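Hello,

Here is the structure I promised to pass on. Have a look first, and then read my notes below.

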Amino acid sequence: MTDKPLVQDFASDWDHTDPKWVADPYPIWEDLRKRCPVAHTDRYGGGWFPVTHAGVSAVAKDTEHFTSRTVVIGNGRPGEEDMPAPIGVAPPISSDPPFHAIARRIMLPALSPAAVNALEPQIRALCVELLDKIGDRELINAGSEYSQFISVGVIKQLLGFPPDDEDLFREFVHIVLEGVDHPQEQRIEEFEPIEAYFTKQIEDHQENPRDDLTSYLLNVEIEGQKLAPEHVFGTMVLTLIAGIDTTWSAIASSLWHLSTHPDDLARLVNEPDLMPVAIEEFLRYYAPVTMARLVKEDMQYLGCPMKKDDWILLGFPAANRDPSVFPDAGKFIIDRAENRHLAFGLGIHRCAGSNLARTELRVAVEEFIKRFPRFELSDPGAVTWSIGQVRGARNLPFRILK
Amino acid sequence: MKVRIDADLCQGQGRCFSIAPNIFGFDDLGNGVVLGDGELTDETIESARLAQSNCPEHAIFIEE
Ligand code: HEM
Ligand code: SF4
């Protein structure tokens with residue numbers, strides 16, 4: 001797929017898209033944690049990767065020395081003019097203080113625990129519908145027939161887009177997610193149909209307001225002023241970027257775990273009350289999301305000579321495996337009672353969708369194991385994992401056991 | 001014993017109110033709040049401690 005040289009030493013030349021990392025990053029991190037807790041690379045124009053919980057926490061909480069102007073690593077750097085801090089392209093994820101708090105405050109009520117609780121019956125209905133469609137077969141694909149569709153369906157409902165536009169919407173999701181590392185100009189071109197469609201939806205919502213996130217964003221006011229249309233558009237695109245392959249990955253990786261750990265599956269089937277605790281362990285162990293920051297100014301930090309515009313790969317999944325914070329960090333413990341994991345980040349950018357994501361993950365697993373209490377991988381060699389900063393199982397061929 | 005949430009540290013991770021809904025609730029933004037006066041009893045102290053040890057932001061404090 002790429003013609004990049006394979007990584008020989010992740011301490012001095014890390015690359016989160018290297019095939020070895022994609023296949024199984026955990027041994028790489030464990031090795032680094034022992035000998036080089038902040039790894040370096042010259043790839044992508046230069047970057048650092050803190051592997052410990054302490055290092056990740058320090059950077060996540062430090063908005064003075066790092067900017068969120070872009071959180072996805074690529075070869076270029078966005079010009080200050082293209083996406084000026086503190087707002088950035090997709091507020092609040094790309095925003096720095098002080099604007100960040102304003103953009104975030106706007107989104108939070110729409111994704112609060114109360115708002116999400118109200119969505120739970122719809123999410124459950126969606127899962128049941130997918131399972132009905134799968135039907136009574138021995139061989140199924142838990143990735144392409146189930147996990148993949150849940151978050152897409154939920155975000156479409158959240159934004160209030162017409163059900164008939166299902167295919168179109170999926171096409172946009174594809175463009176948004178697959179094109180993250182395309183050159184800026186190509187990206188602008190690819191976004192044209194999305195911009196046109198979203199503009200149409202915004203207009204339609206202006207004429208016919210309803211109870212959804214799009215109407216909410218159009219009506220909400222900051223100090224008596226409505227949001228600029230670019231802000232509404234940016235936030236809608238953000239829910240696509242942030243809310244889809246993330247949750248999809250969490251669901252798929254959790255099902256992968258259950259397909260390969262029959263004891264854990266049996267326990268969850270027999271002890272449904274364990275589910276909320278198990279969900280947190282799924283999130284810790286298979287944390288799907290790694291973010292990035294840019295260094296603001298040349299400085300010495302975590303003992304490293306960081307340069308302005310160096311990347312920081314913010315490995316929440318690596319922090320979650322740090323044995324100095326989690327006893328038996330490398331072991332999946334389904335009833336782990338103390339679990340301060342960072343799957344949803346830390347500090348001011350804590351995932352605004354975490355309540356929704358948790359509910360989707362819980363309901364998706366609950367309904368799946370209710371329908372299929374026993375299953376295994378039918379072809380372990382065919383399992384694939386996504387590449388990049390969102391990690392999750394993709395192809396999941398299962399055999400349903402009677 | 002009294003439990004309190006430091007509102008400057010809390011980022012609404014939502015662990016406290018799912019673990020101990022009898023002690024913690026949430027506000028409009030989804031940030032954690034202590035229900036009532038936060039006074040803990042022999043029955044509630046354990047779950048308050050469990051919530052504390054699950055808060056990623058270290059925002060929960062239990063004081064004499
Ligand atoms: C299991 C699924 C998910 C995981 C693991 C996850 C993880 C994360 C992480 C680690 C961050 C922090 C970003 C940073 O520090 O730069 C974040 C931010 C964010 N996420 Fe999620 N996310 C998930 C699902 C969702 C969903 C379903 C939505 C929305 C519907 C969402 C919306 C957001 C938003 C808006 C932000 C930006 C918050 C801010 O910058 O203040 N996420 N997410
Ligand atoms: S667990 Fe911590 S961060 Fe989360 S809502 Fe409770 S106090 Fe706030």
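Which side chains meet in a salt bridge at 3.6 Å, N to O? They are those of Glu280(A) and Arg15(B), where a salt bridge is a side-chain nitrogen of Lys or Arg within 4 Å of a carboxyl oxygen of Asp or Glu. The rule finds 1 salt bridge across the interface of chain B and chain A.

Before the rest, a word on the basis. This is a predicted model, in which local features need pLDDT of at least 70 and side-chain atom pairs count only at pLDDT 80 or more, while totals for chains, interfaces and linings use all residues. Residues are numbered from 1 along each chain as its sequence is written, chains are lettered from A and ligands numbered from 1 in the order in which they are written, and side-chain values use heavy atoms, with hydrogens and water left out.

Now the interface. Chain A brings 23 residues to the contact and chain B brings 17 (contact means heavy atoms within 4.5 Å). Together they bury about 1700 Å², with 48% of it on carbon and sulfur atoms; buried area is the accessible area (1.4 Å probe) lost on putting the two parts together, summed over both. Of the area that chain B buries against chain A, 34% comes from Gln11(B), Gln13(B) and Leu29(B), more than from any other three residues.

Best wishes
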